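The following account leads through the strand arrangement of a protein model and then turns to one of its pockets. Please keep the structure in view while reading.

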2 protein chains.
Amino acid sequence: LDISWRSEFPRAEIARRPATLWRYREALPLERPEEGVSLGEVMTPLVPLELPRGRVLLKCDQQLPSGSYKDRGSAVMLSAIREMGIDHILEDSSGNAGASIAAYAARAGVRADIFAPEAASPGKLAQIAAHGANLVRVPGPRSNAAAAALEAASTTYYASHCWNPFFLHGVKTLAFEIVEQLDWQMPREVIVPAGNGALLLGLWLGFDELRLAGVIPRWPRLVAVQAAACAPVYHAWRGESAPEAGATIAEGIAIANPVRLREIRSVVNLTGGRVVTVSEEEIVFALRYLAGNGFFVEPTSAAAPAACLAQGAEAGSVVVLTGHGLKAAAQVAQSIGSNRIEQ
Amino acid sequence: LDISWRSEFPRAEIARRPATLWRYREALPLERPEEGVSLGEVMTPLVPLELPRGRVLLKCDQQLPSGSYKDRGSAVMLSAIREMGIDHILEDSSGNAGASIAAYAARAGVRADIFAPEAASPGKLAQIAAHGANLVRVPGPRSNAAAAALEAASTTYYASHCWNPFFLHGVKTLAFEIVEQLDWQMPREVIVPAGNGALLLGLWLGFDELRLAGVIPRWPRLVAVQAAACAPVYHAWRGESAPEAGATIAEGIAIANPVRLREIRSVVNLTGGRVVTVSEEEIVFALRYLAGNGFFVEPTSAAAPAACLAQGAEAGSVVVLTGHGLKAAAQVAQSIGSNRIEQ
């Protein structure tokens, strides 16, 4: 499933290019990155946030065009798909990846079938439909959508954000941006929400390429955060069997059977990182804390900050915000309720 | 109401700074721009879009933190407010400005009362509430919210996106970015939706400062687009009396009595621009065209592209996208309906 690519980082040249992920063109596995499928993938901000126990840096990937970090993967994957001359793809997603792939498929002129769980957020489903993708709503848990997609994939190109290597080669640009924004230094720790692990594995790929190119001396610790209610990665990492998965407000990481579980565990251990869980209450508290400080994100994006708030974080740690609050605006407002944070 | 400021544009230095609006610090009327109130105001992308009658450049301001161009104004205005030591503000808004000011007030630690029409989009109202602002929902048309705010402003600082000069001095950075992104050349025409005119007047201010500093030789033509159903600026510009305002899907520009009508008209004429109207059908067609090409914006943002689609646009014209589609996701999906664009 993986592709080999020797990345290079000509820093002076990179600095002169526009502030988008395409500035790392020597690290993208594309024949013609200058013709990439683009909706405007800004270099997302790295913004400090004071927590009671120290300052962290929020990497604001919710500001990408479709409102989630998935756009990194979609932009590179659809570019590769167009280079290969493929004109029809399918994907399964809990929402954000589907919305993102639908947007980039529309931009690329590629037909897309998106299999999504019936219970995905209305905002995400509206995005998929608006972009003209064929939205297939699959009843039952997230895994049903995956199974339906896999069956259909026997005849159509499977542009999966979990399995397609080009997707991860887009997500890896997140690592490049973080390191460049820290003046080409590595952070000591990066904290991310983890479901199927696309974010974690893409980040690791990016840091590993930076390491192989001699830009950074080693990998930063990668910390994967799961909702306690649905934490198969956490339990596997601890070497225990997972209890049956329950419901969580963090729908983007409500993955009972992550397809790349073993790789996620390896990457966490390789980097000296860890897997942690947060309760529903801790996620809601973090959501409120973030909004009370100006950051409007979807519940899934509050999981990583929740871990920092509940368990502390080393100062200077990077926390990735993955999805915009407008993806699930009503749910966010309802969760936060009338308990306003008084400044 | 206006403030005097002599802006400078040290291009080589600007090019070395991070790609945010703060890179134009010599042009911001702040004592300490390096301590500005920031949520990560990326330099928004300028992305080409092919239209049947030529290629335009979309300036994607919906990618700012709260999902609308208003963040430019809010970031600079709240920075000024914090420098002045003010800790309680009020604002009236049809939604986007309120959501933006609520976010930046939260970041700045300033209390905010937001007066919004009861009928504003749920997404926007959710944002305002989530950020802990005091949301005052005013029944009736947009003008009722303005009247209620003005009354309250006798005791609280009026941080109006229409009246506060610091807000316009934030919006003007849109002009700086456009010109820098075109290698410090001016576009010939910039096309924007117009309601109260904050975008148009902010843009003009920016282009005028660039002109005074010798960066560009003159102003580009500014084209203001209104919904035909509510077009007081259009009728005033034509020197005719306006019929009673009706309903429009473009809620962000549904302003029956623009407070700065005379200035809007002057600016349009000064730049050799024009005011045009688009029908509801044309707005929905443009919304569908944009989504079918990967761009998910709210209906108000489709008004300017609608004018280009219906009436043609000079190649290379810049069209400003003002608000994210997730602000009104259900409404967008519903408007576009099942008439998918086949690529």
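**Sheets and a pocket**

In chain B, four strands form an open sheet in the order β5-β4-β3-β6, with parallel pairing. Strands β5 (134-138) and β6 (157-158) of chain B stand at its edges with a single partner strand each, so one side of each is left without a neighbour in the sheet. Two strands are taken to pair if DSSP finds at least two bridges between them; helices (H or I, at least four residues) and strands (E, at least two) are DSSP runs, numbered from the N terminus. This is a predicted model, in which local features need pLDDT of at least 70 and side-chain atom pairs count only at pLDDT 80 or more, while totals for chains, interfaces and linings use all residues. Residues are numbered from 1 along each chain as its sequence is written, chains are lettered from A and ligands numbered from 1 in the order in which they are written, and side-chain values use heavy atoms, with hydrogens and water left out.

Within this sheet, strand β4 (residues 111-117) of chain B runs parallel to β5(B), and five bridges join them. Phe115(B) has Val136(B) as its bridge partner in β5(B), and Asp113(B) has Asn134(B). Between β4(B) and β5(B) the chain passes through helix α4 (residues 122-130) of chain B, in a right-handed β-α-β crossover. A crossover is right-handed if, with the strands pointing away from the viewer, the path from the first strand over the helix to the second runs clockwise.

Helices also pack on the sheet. Helix α3 (residues 96-108) of chain B lies across β3 (88-92) and β4 of chain B and runs at about 165° to β3(B). Helix α5 (residues 142-152) of chain B touches β3, β4, β5 and β6 of chain B, and its direction makes about 150° with that of β4(B). Contact here means heavy atoms within 4.5 Å; axes are lines fitted to C-alpha atoms, for helices over the stretch in contact, and angles run from 0 to 180 degrees between N-to-C directions.

Elsewhere in chain B, strand β1 (residues 46-51) and strand β2 (residues 54-60) pair in the antiparallel sense over six bridges. A hairpin of two residues joins β1(B) to β2(B), and Leu49(B) stands opposite Val56(B) in β2(B).

Chain A contains an open sheet of six strands with mixed pairing, in the order β1-β2-β10-β7-β8-β9. Its edge strands, β1 (46-51) and β9 (274-278) of chain A, each pair on one side only. From one strand to the next, the twist averages 30°.

The second largest pocket has a volume of about 610 Å³. On a 1 Å grid over the protein atoms alone, a pocket is an open set of points where a 1.4 Å probe fits, with protein on both sides within 12 Å along at least five of seven lines; lining residues have an atom within 4 Å of a point. Grid points are joined across faces, edges and corners, and a volume is the space filled by probe spheres set on the points. This pocket is lined by 28 residues, of which Pro141(A), Arg142(A), Ser143(A), Ala254(A) and Ile255(A) lie nearest its centre. Helix α5 (residues 142-152) of chain A gives the most to this lining, with five residues.
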